[in-house]
Amino acid sequence: MANRTSRSSEKESGWLWESAKTIVYALLIAGVIRTVFFQPFWIPSGSMKPTLLVGDFLFVNKMAYGYSWASCPNLGSFNLCWFARDLDGRILGDEPEPGDIIVFKHPVDGRDFIKRLIGVPGDKVKMSDGRLIINDVELHLEPNGVFKELRAPQGPVGNLPRCKGVSGIDGSVCEKDLYEETLPNGVRHAVLDIGHSYSDNTPVYHVPDNHYLFVGDNRDNSQDGRFPQNVGGVGFVPFENLIGRADRVIFSSAGSWILAFWSWRSDRYFKRLE
């Protein structure tokens, strides 16, 4: 009887040990994948509409620009590579291209942002009456209809979208002018215009070495490089702060919860980003 009990205890201990090892291995593999290859990202705001919608879920390609301290994941607000934050440069680093949609860490508070790359080192960038001017050349902006969405709370925060003209009532159609913008390298992408805004005009920004300037596609509703860091903006972003490039939406939830599959947008499965 004692031997049978002993064997049963040994079996149970062995099962628990194997289960614990499996969990540890799975966590290590997941950690390596997230640190080295891809990082999941859920879009919380409308600053990149219409390219990215609130509730889009995507994986950021960390291999696109190599690795730095920003490539490490966070535990809450703590970055696992904090000790390397003051080191310059990247490992296996490739230069990003204007038009890339990039996740980066805010230069001051370390929050993750996602915006479109507009200015590279050496560029002169300014906004004039809502038009981007890069190196003294005004970018071509082609009218492309109207972007429509419901004026209803979006995402877990429940923010209402901004609309052109009268805000309307909840549940009404919210409209914004839709344009196609062409960057100097030929990349075309959609932008929105809600109306006259203080962000439509900026000083000339000279992008310094090893830094980049980012702007949101939803031009009148984006906290980005058009605003200095001392007034709540992003300013110039160091190369070391880039996390990776967003290439494709995996799926998208129109609800307040990412796993609310009944609210997933069927037209955005594996949608390629432009």
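Arg 226 and Asp 224 are both buried, where buried means under 20% relative accessible area, exposed means over 50%, and partly exposed is in between (1.4 Å probe, protein chains only). Their side chains come together in a salt bridge, with N and O at 2.9 Å; a salt bridge here is a side-chain nitrogen of Lys or Arg within 4 Å of a carboxyl oxygen of Asp or Glu. Before we go further, please keep in mind that this is a predicted model, in which local features need pLDDT of at least 70, side-chain atom pairs count only at pLDDT 80 or more, and totals for chains, interfaces and linings use all residues. Residues are numbered from 1 along each chain as its sequence is written, and side-chain values use heavy atoms, with hydrogens and water left out.

Let us stay with the charged pairs for a moment. Side chains of opposite charge can pair when their charged atoms come close. The structure has 15 salt bridges. One of them joins the side chains of Asp 56 and Arg 268, 2.6 Å from N to O. This pair connects distant parts of the chain, 212 residues apart: Asp 56 sits in strand β2 (residues 56–61), and Arg 268 in the loop between β16 (242–252) and β17 (271–272). Strands, like helices, are DSSP runs numbered from the N terminus (strands are E, at least two residues; helices are H or I, at least four). Asp 56 and Arg 268 are each buried.

Another salt bridge is formed by Glu 181 and Arg 219, whose closest N and O atoms are 2.8 Å apart. Glu 181 belongs to strand β11 (residues 173–182) and Arg 219 to the loop between β14 (211–215) and β15 (237–238), so this pair ties together parts 38 residues apart in sequence. Glu 181 is buried, as is Arg 219. There is also a network of salt bridges that links Lys 49, Glu 149 and Lys 176. Pro 50 lies in the loop between β1 (38–42) and β2.

Now turn to the nonpolar residues. A nonpolar core is a set of buried Ala, Val, Leu, Ile, Met, Phe, Trp, Tyr and Cys residues joined through side-chain atoms within 4.5 Å. The largest one has 15 residues, and the members that touch the most others are Phe 41, Leu 52, Leu 58, Ile 101, Ile 114 and Leu 273. At least two residues of this core come from each of β2, β5 (101–105) and β16, and β16 gives the most, three residues.

On the surface, Phe 37, Phe 38, Phe 59 and Met 63 make up a nonpolar patch with about 340 Å² of accessible area together. Patches are made of residues with over 30% relative accessible area and no salt bridge, where like charges are joined within 9 Å and nonpolar side chains (Val, Leu, Ile, Met, Phe, Trp, Tyr) within 5 Å; the areas come from the Shrake-Rupley method with a 1.4 Å probe, and for residues only the protein chains shown count as cover. Phe 59 is part of strand β2 and, at 37% relative accessibility, counts as partly exposed.

Next comes a sheet. Strands of a sheet pair through backbone hydrogen bonds, either parallel or antiparallel. Here four strands, in the order β9-β8-β7-β13, form an open sheet with antiparallel pairing; two strands pair if DSSP finds at least two bridges between them. β9 (137–138) and β13 (205–206) are the edge strands, each pairing on one side only. Strand β8 (residues 131–134) is joined to β9 by two bridges, and Ile 133 stands opposite Glu 138 in β9.

Finally, two backbone angles deserve a glance. Asp 136, in the loop between β8 and β9, has a positive phi of about 70° although it is not a glycine. Asp 136 counts as exposed, at 61% relative accessibility. Phe 270, in the loop between β16 and β17, also is not a glycine and has a positive phi, near 55°. Phe 270 is exposed too, with a relative accessible area of 53%.
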